[in-house]
Amino acid sequence: MNNLFVYCEIEDGTIADVSLELLTKGRSLANKLGCRVEAVVAGSKLDGVEKQILPYGTDKLHVFDDDRLYPYTSLPHTSILVNLFKEEKPQICLMGATVIGRDLGPRVSSALKSGLTADCTSLETGSHEDKKAGITYENLLYQIRPAFGGNIIATIINPEHRPQMATVREGVMKKEILDADYKGEIIRHDVTKYAADTDFVVKVIERNIAKAKNNVKGAPIIVSGGYGVGSRENFKLLFDLAKTINAEVGASRAAVDAGFCDHDRQIGQTGVTVRPKLYIACGISGQIQHIAGMQESSIIISINSDPNAPINAIADYVITGTIEDVVPKMIKYYKKNSK
């Protein structure tokens, strides 16, 4: 009752990274709220799945194992969560802002009339005073995300309806095992009690998943360009630098919209979230939308002709100059000193 739930996505027997990140964050939030962390996983051939989930501090794992539950389809997974939540009455439910989460979250929140905050970049807990009604709400979930095109950071609360639901993008939270031998309760449910046969009316006959052309999300070093790079031709300098230092190339939304770089390399609120060891920002002004996707980078180097560019405020090192002047020099000196 009133615990924190995390919906865990699974693909080919492996729990998605975003789900493990949410378990880590959920454990932290639950400690503050004085409640338990519970996880839900629905799929097929789930024997041993608890070994992936319990070490992140999960107190109870709800397993729904049925061949018809994998691959994911909307109706049965929605019915499972809705009916489980009616029984368990969680105070919080977290899920990834993935293709599945963006389909499942709204369906569940609509059925439970609970509300949902999408694409959160941070989650905290705290109180809220409704001065007009003279009521103070304690232990609310602060659902924090960029709003109005990224011009402000909004903190959204849901004082009266439960569960408080939020989706969070992959890479925003840290993934950290709490205890490799963490002991949690495992409950294997009878799927037929939660999902009707009619929920399985849609059957996936053939499924093809296109693999990403690059690995921006998992790259330890990223050379990223913004509108200030100036042109698609100048972006080739960033690819040259990336090749030299074994990095991946990323881009801001402005650079993608201008046609300087392909969309699958976009970093930020409407792209991917990254946390590399080194992030080299070239010609990026530093709007909130972009900052949200890379601010957890270990070291940030900003190369910008504008010494007052907003991104300089979060950069560890700032190089003032044009891309055409600075980047070739970086390539030259790296090659010279790496022999």
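# Getting to know this fold

Trainee: Let's begin with F5: does this residue count as buried or exposed?
Mentor: The relative accessibility of F5 is 1%, and buried means under 20%. This is a predicted model, so on its computed value F5 counts as buried.

Trainee: Which residue makes an edge-to-face aromatic pair with F5?
Mentor: Rings pair if their centres lie within 6.5 Å, and planes over 60 degrees apart count as edge-to-face. Here the centres are 5.4 Å apart and the planes are at 75°. The partner of F5 in this pair is F85.

Trainee: How many residues apart in sequence are the parts that this pair ties together?
Mentor: F5 belongs to strand 1, whereas F85 belongs to helix 3 (residues 74-88). F85 is buried, with a relative accessible area of 3%.

Trainee: Now for the largest nonpolar core: which element gives the largest share of its residues?
Mentor: This core has 31 residues, and those with the most contacts inside it include L23, V41 and I53. Among the elements giving two or more residues are strand 1 (4-8), helix 1 (17-33) and strand 4 (37-43). The largest share is six residues, and it comes from helix 1.

Trainee: Which residue meets E50 in a salt bridge?
Mentor: E50 lies in helix 2 (residues 50-53), and its partner is 138 residues away, in strand 12. The N to O distance is 3.5 Å, and the partner is R188.

Trainee: By about how much of a helix are D103 and R107 separated?
Mentor: The side chains of D103 and R107 also meet in a salt bridge, with 3.2 Å from N to O. D103 is partly exposed at 23% relative accessible area, and R107 is partly exposed at 37%. Being four residues apart in helix 4 (residues 99-112), they are separated by about one helical turn.

Trainee: What is the relative accessible area of V201?
Mentor: V201 sits in the loop between strand 12 (185-188) and strand 13 (221-225). Together with L75 and V202, V201 makes a nonpolar surface patch of about 280 Å². Exposed means over 50%, and V201 is exposed because its relative accessible area is 64%.

Trainee: To finish, what is the relative accessible area of Q266?
Mentor: Q266 is in the loop between helix 6 (253-257) and strand 15 (278-282). Beyond neighbours within four places in sequence, its contacts include A251, R253 and V272. Q266 is buried, with a relative accessible area of 3%.

Conventions. Residues are numbered from 1 along each chain as its sequence is written. This is a predicted model: local features need pLDDT of at least 70, side-chain atom pairs count only at pLDDT 80 or more; totals for chains, interfaces and linings use all residues. Side-chain values use heavy atoms; hydrogens and water are left out. A nonpolar core is a set of buried Ala, Val, Leu, Ile, Met, Phe, Trp, Tyr and Cys residues joined through side-chain atoms within 4.5 Å. Buried means under 20% relative accessible area, exposed over 50%, partly exposed in between (1.4 Å probe, protein chains only). Patches are made of residues with over 30% relative accessible area and no salt bridge: like charges are joined within 9 Å, nonpolar side chains (Val, Leu, Ile, Met, Phe, Trp, Tyr) within 5 Å. Accessible areas come from the Shrake-Rupley method with a 1.4 Å probe; for residues, only the protein chains shown count as cover. A salt bridge is a side-chain nitrogen of Lys or Arg within 4 Å of a carboxyl oxygen of Asp or Glu. Rings of Phe, Tyr and Trp (its six-membered ring) pair if their centres lie within 6.5 Å; planes under 30 degrees apart count as stacked, over 60 as edge-to-face and the rest as tilted. Contact means heavy atoms within 4.5 Å.
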